Amino acid sequence: MSDSPSIQPPRLLIRFLRWFCHPELIEDVEGDLLELFEERIQRNPSKAKLLFFRDVIQLIRPGMLKNFSKHSLNNSGMIKNYFKVAFRNAMKQRSYTLLNLFGLIIGVTSSILILLWVDSEFQMDKSHKKGDRTYEVWRNMHQSQGEVITTASVPQPLEKVLEEEYPEIESVALLSWEMESLFAKGEQTSLETGCYASPEFLDIFDFKILKGNNENVLDDLSGMMISDRIAEKYFGENWQYENNIVGQSFRLDDQNDFKITGVFESPKSNSSYEFDWLIPAERLIQRNAWIPNWGNGSFGLFITLKDVKDEEKVASRMEQEINNHTNHVADERLILQKFQDTYLYSDFEGGVISGGRIDYVRIMLIVAIFILLIACINFMNLVTAGSNKRSKEVGLRKVMGARKWGISIQFFVESYLLTFLAVCVSIGLVFLLLPLFNELIDKSLVLDFTQLKTPFFFLGIILVTGFLSGIYPAILLPAFKIINSLKGTVKHPKGTTFFRKGLVVFQFAISILLIIGTAVIYQQMNFVLNKDLGLNQENIVLMEMEGDLRGKYEVYKEELLKIPGIDIITAASGNPVNYGRTTGSAIWEGKSPSDIAEINVINVSDDFIETLGMKMASGRFFSEEIKSDSSNYVINEVAAKIMGFEDPIGKSLSIWGMKGRIIGVVKNFHMKNLHQPIAPLVVRHDPRDANLSMIKINGDMKAAIKSIEKVNTELNPSYPFRFQFMDDSYAESYKSEQIVSNLINVFALISIFISCLGLFGLSAFSANQRSKEIGVRKVHGAGRLNIVFLLSKDFAKLIIIAFMLASPFAWYFIQQWLEGFQFRTEMSFLNFVIAGLVTLVIGGVTVSFKSYQVATVNPVESLKSE
Amino acid sequence: MGKYSIGEFEEIVMLTIAILYDNAYGITIKEEIEKRMDRKVSVGAMRTALKRLENKGFLKSNFGEATAVRGGKRKRYFRITESGKQALDQVMETRKQLWEAIPSISFDFKFI
């Protein structure tokens, strides 16, 4: 048999076999295979190799394989040992472990909370199936002075054009602004907010319809849809089981009856659109003759494309659609924005998106990362600082044959264990804190474990945090020389102390950054809320004249003026500090055809400037005695400038085709929040269209409001009494700023707290390390204060460096933020100094707390050992 | 069964080893089974069975002399151990008990 060397078994296969086969078995298995092979060659040479191959492949089975991990026998034992040592080590230094865990828990909890908020912001309006091919149409009004005003309200006739002439568009929907209506059914009444919408609205968006025919719920012009909230209110908790809800009707605003055609589920918290009723848009169009006009914006408009690829094509074709229909009397261009982006990106500058809520979301995302980073740095610092105590252990492990990566793994196991623990505790804490947090941010966030991403999110946090906090010790500690670590005289490589100090500097730089940010945001909010707006909005009650009060201003005024404490009252067509009713149709003396300007028009009754305390720049305001004042105009200084008048008094002006003369110029006052510049304004004297009364109250506010309520219920019994203070309504327009300012406040505090925890730990370590030195110093006569100073000095240096590093960044970012405001506070150097001092003091107190403890120890105690 | 549990294939392997007595190594076992039982035995399946039985203590093995035939690799000869014999005995015993417990009517196929 041996004389058949012509065919050899495949060498590669044999090598493969040798590679995977258990060493104890290989000799005899290989022998068997070879014997078989030779035998087969005798019988059937052609198949021998194939059979050999088959046999080798069939040998790949559990019993045959060698153990591929190198230290097979010791592996699980070592891992057990890692856990054991980690636990013992944690228990041995309980206070440091607690400090460490505490910092980590606070950090993780904070960042989970922030990330929940961030996530909820990103989830806004993302749940609609067609959302990725739905767009909102915006209108850019180009002014002749170069400014571009962007608004979501577009002319209603556009709907038809888009529907009929654009084959790429699947459907077009109109949605009005949120409006309030008085609902009445029998005795029960309530004010409810809702929208007018075209039937396609429910095709494009997936608002769940609970009752009613899905197909044509908004087709019936005498019909309306209500939310399950209203249904519950009027039909009880078991409304769903009542069959006859569809078909019943509500009387709206004391005028028309609407039949219920369907019930939808109230938009959830992940919808930026909130409404409790929907009425066919056609109703609103029929009622308002000004709507079907290319010159007036009236509805929000949404389109769904058949194919997203057509976006550019549709957008470019649509751009001039208004101008084509209005013969270019103004320059109004249409742009498209992805619907899913509208919530986060809603600020426009020069007709293009410039940001919006996304700015705040980004800020908070950065804050979350910072806080997590600070907590991880704490961990790193405390572990490396304590590494002296563990150097013997590391040395011994190495002597026993541990490899560097083995020791790295050990430290990773420790950091992951602690991180895991911290995340578990944090999840519990998040559950506890969520209600409070929700109050702070005005949302209803929940930790939803039914969503697949939640466990992944926590897994991610554990992975990242564990890695970040473990990486430094895991690299540093195994790098010590064995002899040094066994002798216990570990000299940290020169870089490490530097690195550790660097980390502390970094932590405090972030904290200082946040503190400066908090201070400036607070200052700006203060500035915004207390700025002289050009009118006096204090102690003024806003009261909508609705229902029976509508058009009865004179009677109402008379009644109100009888109330003690009310001396003056006025009315206007809207809230003067949050006004937006504009026209592009103003024609003034000497206007050239190329002048295009959107001008605000406000209709007011008597005593407007007296009640609100505005000042006249020139001319006079309307007077009750002068009959012709109904066709006269007062303009503000910005309008005078746009119209180019040196002396506007007596110049002719026409608004909405009504000709009149300018009789006065009112000094500028703010009509929007301070993000926006002051817009041009024309004031008309038209009490019939002034339905928001403004009542100035002197003296006892509560009593006066009680009396107003009495008058209201008498004159307007069907409407519930409600009012708002003018300054509150103004403050409300800074809601997102307030929320973010609150958030940053809280988290700046947390970040400095965590940093101090770390600082405390570090100073404790360094104090312990230097206990002998301190003992010697004391023996030689150093006082306690001297020693506290000695120990605190180093850390003070670090904080000062941190301050110097943080300041330029803070200055830059804050400048960026402030630039979002047209009117802003000056960034003063004082903010920086205060932030620096606060940090220094807090840090100093933290450090000297421990230093003092060490300084008071009797030197005998620290010197007697050895 | 208890501590002497072995599977059907394992039982066959052990019995074959006993038959071959002092010539029981990989190839002969495989071929003997194939010859006697008229079934294909893959090297892998047999190897796993041998290893498992050895781990259980039912077999012991020792290397023979190196020969030129197998590329110089030694053969590993297998022998049944004391407990291996007990295991085989027990298998047979339990089978016997089972057989004895069958009432004769069970195998009376006349009426079916």
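Reader: Which residues line the second largest cavity, and what makes a residue part of a lining?

Author: The lining of the second largest cavity consists of Met141(A), His142(A), Gln143(A), Ala330(A), Asp331(A), Glu332(A), Gly584(A), Ile596(A), Ala597(A) and Glu598(A). A residue counts as lining when it has an atom within 4 Å of a cavity point. The model is a predicted one, in which local features need pLDDT of at least 70 and side-chain atom pairs pLDDT 80 or more, while totals for chains, interfaces and linings use all residues. Residues are numbered from 1 along each chain as its sequence is written, chains are lettered from A and ligands numbered from 1 in the order in which they are written, and side-chain values use heavy atoms, leaving out hydrogens and water.

Reader: Why is this space called a cavity?

Author: On a 1 Å grid over the protein atoms alone, a cavity is a set of points where a 1.4 Å probe fits but cannot get out. Grid points are joined across faces, edges and corners, and the volume is the space filled by probe spheres set on the points. For the second largest cavity this volume is about 40 Å³. The count comes to three cavities of 30 Å³ or more.

Reader: Why is the second largest cavity said to lie between two domains?

Author: Domain 3 (136-337) and domain 5 (547-718) of chain A both give residues to its lining, so the second largest cavity lies between them. The domain bounds come from an automatic or database domain assignment.

Reader: Which elements supply at least two residues of the lining of the largest cavity?

Author: They are strand S15 (540-544) and helix H21 (701-715) of chain A; helices (H or I, at least four residues) and strands (E, at least two) are DSSP runs, numbered from the N terminus. The largest cavity has a volume of about 80 Å³. Among its lining residues are Met543(A), Glu544(A), Asn712(A) and Arg722(A).

Reader: How many residues of each chain make the contact, and what makes a contact?

Author: Contact means heavy atoms within 4.5 Å, and it takes 22 residues from chain A and 20 residues from chain B. In chain A, Glu27(A), Asp28(A) and Glu35(A) lose the most area to chain B, together 28% of what that side buries. The area buried between the chains is about 2,000 Å², where buried area is the accessible area (1.4 Å probe) that two parts lose on being put together, summed over both.

Reader: Why is the pair of Asp28(A) and Arg76(B) called a salt bridge?

Author: A salt bridge is a side-chain nitrogen of Lys or Arg within 4 Å of a carboxyl oxygen of Asp or Glu. The closest N and O atoms of Asp28(A) and Arg76(B) are 3.1 Å apart, so the pair meets the rule. Asp28(A) lies in helix H2 (residues 23-43) of chain A and Arg76(B) in strand S2 (residues 74-80) of chain B, so the pair joins two chains. Lys73(B) and Glu30(A) form a salt bridge too, with the closest N and O atoms 3.8 Å apart.

Note on methods. On a 1 Å grid over the protein atoms alone, a cavity is a set of points where a 1.4 Å probe fits but cannot get out, and a pocket is an open set with protein on both sides within 12 Å along at least five of seven lines; lining residues have an atom within 4 Å of a point.
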